[in-house]
Amino acid sequence: MTVRVGVIGTGWIGQEHIRRLTDTVTGAEVTAVTDIDAARAEEVAARTGARVHASAADLIAADDVDAVLVTSWGPTHAEHVLGAIAAGKQVFCEKPLATTSEDCLRVVEAERAHGRRLVQVGFMRRYDVGYRQLKEVLSAGSIGAPLIVHCAHRNPTVPKSYTSHMAAQDTAVHEIDVLRWLLDDEIVSAQVITPRATSHRHEHLRDPQIMLFETTNGVRIDLEVFVNCQYGYDIQCETVGETGLARLPDPAAVAVRTGGTSGTAVLQDWQGRFVNAFDTEFREWIAGIAAGEEPSGPSAWDGYAATVITDAAVRSLESGGPVVSVDMKPRPVFYGGAV
Ligand code: NAD
Ligand code: ISE
């Protein structure tokens, strides 16, 4: 069976995923696209053979759309995801699921009312080979119970439009999701402190930021978010357990010795770092739909949790760095929670 996908939002990552679904993932075809920038949608459609729809609602309702991919701007995600749920179609939503916890809960409630999982959120790190190996080590108990996690998320530079809040909402949100999954634990508080600011930032930006999280089991996480580090795109994650430590491997790179030095190149962007994770994420999503299964990736509940936790981090930053409790509802049984 070929899964026919309709894409809402043909901007940067929409085009990237359309290319992926067309050239890399077998069993998928992009049959429909829409964008509020009609010219952009037409241009993308001309390259792919997809049909352009005037609105997201038309696209969701189309008979030749089996599943929906939402890659529009964050504040519009909830509306499109709710539309897909109402139509009973599986929907992959790039992060964030929604920009407010209230909207995330509306999605959660709509999906529960439907009675089957339809929503997957685009937290692609769960599909990265290194993170999957790290999870196997932790789940096997090879280093005993995890106690501390040290992380760093560094980008070489960011555009002027990047705000201090985005350090949590746009950047740390990936660690927030992947750490909840890695530790199989929930984050209960967040604190954000700001060291001396780099001179390489735009004036309005607080960069770097140090984020501290605590989990239900008492694990302490420190995360450095440094989005103007200049030297490259660098993701680090080291878990300290009772009997050892486990570190996320760096992507394989050729070691070069020349001119009296020895070293490996540092990747320059997240696209290159996570390209394989994105491919696997979409292969598994399409294969699940073709097999008539519910999505197995990050759920609407994970999308809600990530938004509530990033909200707490933003509140801490805005208030000068206090510890802020995460105000999360109890996880419903539908998503694997307690009765
Ligand atoms: P972009 O601005 O390049 O593209 C977004 C597109 O959506 C634009 O063409 C815009 O016209 C269109 N759009 C906006 N509102 C719409 C609506 N209501 N209906 C139809 N089209 C609409 O942005 P981008 O960088 O591609 O990011 C899109 C989303 O993907 C964001 O939520 C972003 O956080 C997420 N993203 C995720 C990752 C990741 O690592 N998983 C990386 C980059 C972006
Ligand atoms: C970007 O929006 C992403 O989602 C990337 O995965 C992340 O690494 C980067 O820091 C964000 O700005």
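Which residues surround ligand 2?

Reply: Before we zoom in, keep in mind that this is a predicted model. Ligand 2 has these residues around it: Lys95, Met124, His153, Asn155, Asp170, Thr171, His174, Tyr233 and Trp270. Sort that shell by class and you get three nonpolar, four polar and two charged residues. If you're wondering which helix to look at, helix 7 contributes the most to this shell, with three residues.

The side chain of Tyr233 has an N or O atom 2.6 Å from an oxygen atom of ligand 2. For Asp170, the distance from a side-chain N or O atom to an oxygen of ligand 2 is 2.8 Å, and for Lys95 it's 3.2 Å. On its own, ligand 2 would expose 300 Å², and the protein buries 87% of that.

Helix 7 spans 166-183, and it's one of the helices that supply at least two residues each to the shell around ligand 1, along with helix 1 (12-24) and helix 4 (77-86). His174, which is part of the shell around ligand 2, also has a side-chain N or O atom 3.5 Å from an oxygen atom of ligand 1. As for cover, ligand 1 has 850 Å² of accessible area on its own, and the protein covers 84% of it. The shell around ligand 1 counts 24 residues, with Trp12, Ile13, Asp35, Arg40 and Trp73 the closest.

Note on methods: Residues are numbered from 1 along each chain as its sequence is written. Chains are lettered from A and ligands numbered from 1 in the order in which they are written. This is a predicted model: local features need pLDDT of at least 70, side-chain atom pairs count only at pLDDT 80 or more; totals for chains, interfaces and linings use all residues. Side-chain values use heavy atoms; hydrogens and water are left out. A residue is near a molecule or strand if one of its heavy atoms lies within 4 Å of it. A polar contact is a pair of N or O atoms within 3.5 Å; within protein, one must be able to donate a hydrogen and the other to accept it, and residues adjacent in sequence count only if both atoms are side-chain atoms. Accessible areas come from the Shrake-Rupley method with a 1.4 Å probe; for residues, only the protein chains shown count as cover. Helices (H or I, at least four residues) and strands (E, at least two) are DSSP runs, numbered from the N terminus. Ala, Val, Leu, Ile, Met, Phe, Trp, Tyr, Cys and Pro count as nonpolar, Asp, Glu, Lys and Arg as charged, and the others, Gly among them, as polar.
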